[in-house]
Amino acid sequence: MGNVLQSLVASIDPYLLQILVNIGIAVVLALGLNVIVGLTGQLSLGHAAFMSIGAFTSALLTIKLGLPFSLNLLLTGSVTALVATAIGFPILRLSGDYLAICTLGFAEIVKVFFLNFEPTNKALGLSVPAVRSAIPMPIYVWALAILAAALVTFIGSSRFGRALKAIREDEIAAEAMGVDVAKYKIQAFALGSFLAGVGGGLYAHFLGYINPSDFGFLKSVDILSMVVLGGLGSVPGSLLGASLLTSAPEFLRFMSQYRMLVYGALLVFLMVFRPMGLLGGVNFRELVLRVLRLRRSGK
Amino acid sequence: MLLQQIINGVALGSVYALIALGYTMVYGIITLINFAHGEVFMAGAFIGLLLISYFKVNVFVAIVGAMLVCMVLGVLIEFVAYRPLRKSSRLSALISAIGVSIFLSSLALMLFGADAKAFPDTAFPVRQLRVGSADVSTLQLLIIGVSACLMVGLEFIVHKTKIGKAMRATAEDYNTAALMGIDVNRVISFTFALGSALAAAGGVLVGVLFDAVSFNMGLMAGLKAFAAAVLGGIGSIPGAMLGGLLLGISEVFGVAIGYSSYRDAIAFSILVLVLLIKPTGLLGQKIVKKV
């Protein structure tokens, strides 16, 4: 099994493979943020902080304990979710932009913390040894990305997901209907952060080197752009947003120095012409049914 | 020592306050976190630098020039990136703002290069004055003086002029203001012009103070100024001034007692703490939610 996967991965162009893995990691991160921002409607500008907590935890687990990778990621996600819960209790009382700025502030504090944290080499950053596992890294990443997509899709239509959407639409009305707003918000926050932690762990082991400065405000903004561009609350949207924004700098590489300029303009342009996000408000189940029905009536 | 740090803190804090005013005014009127504001500040610094090094003007003319150019820039940003999104979700406008911010900083990177530019020595004659036990440079006096004048000017515009009255009315209730015959689009453009002008002045002052202007200076300054605006209570003009001064002073004190490597965390720790105790900021009004 392992050999087959190894040869499969080896048959793909390394450059393409690298982009694909980066997309996979971005998908996990974007889906996590989509639970918080898209489903629950709580704007977070500090997703990269949870990613960095995951990245450093996972790196330390590998270096100090040498845990198997699956167990490592599970533990990393749990630690991140635990931190998120501890922080969530006080800050999720805030609403709207106050919450956003609080998560932003928290993210900066986490960054400065890691910049001064001895066990992770302070500002020098940490080299992460490669994963020793029969399953190659790209397969790992994409398996987890698909798992995460399935999880978030499932949650979206579950009782839990409906409660989150009720909170997003109107917090007071949800509370009046008997939804425990505080509890659900914290659970959503923990779940999103769990995915951020796992994404961070994947990132650390794929790149092999992590530095606290990589997880600044711009990283959080990157992930948020994927979620909003794809469409808030939409799982296919997050997949599309993550793929587009991760590969856009590669597509735009021929423009070399104008790359980021075009990227910024593109972001504005897409928002102005498609404020709901590319796949926002598109119901896939209905779309598939309608196509099927059209076919049948055509016959 | 104490007096010295307070003076340093007030000089830094008044610049934060200048930038924070732009955030708070825009937020007060259209509840948008204008993430491109930090980049307007950066643009102001570059324009000031160009005016001083190529046209050999003095620092006051440079400030006025940068303010005028950035006014146009601010109005343009609002027109292109925010106006079409006024009726859509606030998150789309936020992403649009982030797009503008990326665009402007990479434009600056392309035009001016990656290394920090220094102001020519002739920009402003720096002399040290001795006040009691503290050394005050003329530069700090310039910063505090210019900031104070601008803030007094702003207070005058907001409270004593007709357009200021229209601004306050629009901030109070957008729809009702429109019904009363206020041209809200004009008011919003004016708000962006005003906020951008203040940020531009802040940019030139910071450029002269630290003697460095670079394409990425807008990000951290913008974030901290935004923190200052929220600290004071976002939407409140006196709050932004108070928040800016408070952040500046506490940052300088944090560095002075030996936490320089935690410098960027100080401002945000205070912010998080204040929000947890008083969730609407120091001078913010409590909004009662109704169903």
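User: Which residues is B:A201 in contact with, leaving aside its neighbours within four places in sequence?

Analyst: B:A201 is in contact with B:L18, B:G44, B:I63, B:A66, B:M67, B:V146 and B:L150. Contact here says that the C-beta atoms of two residues, placed from the backbone, lie within 7 Å. Bear in mind that this is a predicted model: local features need pLDDT of at least 70, side-chain atom pairs count only at pLDDT 80 or more, and totals for chains, interfaces and linings use all residues. Residues are numbered from 1 along each chain as its sequence is written, while chains are lettered from A and ligands numbered from 1 in the order in which they are written.

User: OK. Which residues touch the most other members of the largest nonpolar core?

Analyst: B:A201 is one of them, along with A:V28, B:A66, B:C70 and B:A227, in a core of 197 residues. Such a core is a set of buried Ala, Val, Leu, Ile, Met, Phe, Trp, Tyr and Cys residues joined through C-beta atoms within 7 Å. Buried means 20 or more other C-beta atoms within 10 Å of the residue's own, with C-beta atoms placed from the backbone.

User: And which helix gives the most to this core?

Analyst: Helix 1 of chain B, residues 2–30, with 17 residues. Helices are DSSP runs of H or I, at least four residues, and strands are E runs of at least two, numbered from the N terminus.

User: How many helices and strands does chain B have?

Analyst: Chain B has 11 helices and two strands. Its radius of gyration, taken over C-alpha atoms, is 19 Å, close to the 19 Å from the globule rule for 291 residues, so chain B is as compact as a globular protein of that length. That rule is 2.2 Å times the number of residues to the power 0.38. In chain B, 54% of the residues count as buried.

User: Switching to chain A: what's in there?

Analyst: Chain A has 13 helices and two strands. Buried residues make up 46% of its 299 residues.

User: Now the interface. How many residues of chain A are in contact with chain B?

Analyst: 34 residues of chain A are in contact with 37 residues of chain B. Helix 5 of chain A gives the largest share of chain A's side, 10 residues.

User: What's that side like by class?

Analyst: Chain A's side has 26 nonpolar, five polar and three charged residues. Nonpolar covers Ala, Val, Leu, Ile, Met, Phe, Trp, Tyr, Cys and Pro, charged covers Asp, Glu, Lys and Arg, and the others, Gly among them, count as polar.

Note on methods: Buried ≥ 20, exposed ≤ 12 C-beta atoms within 10 Å, placed from the backbone.
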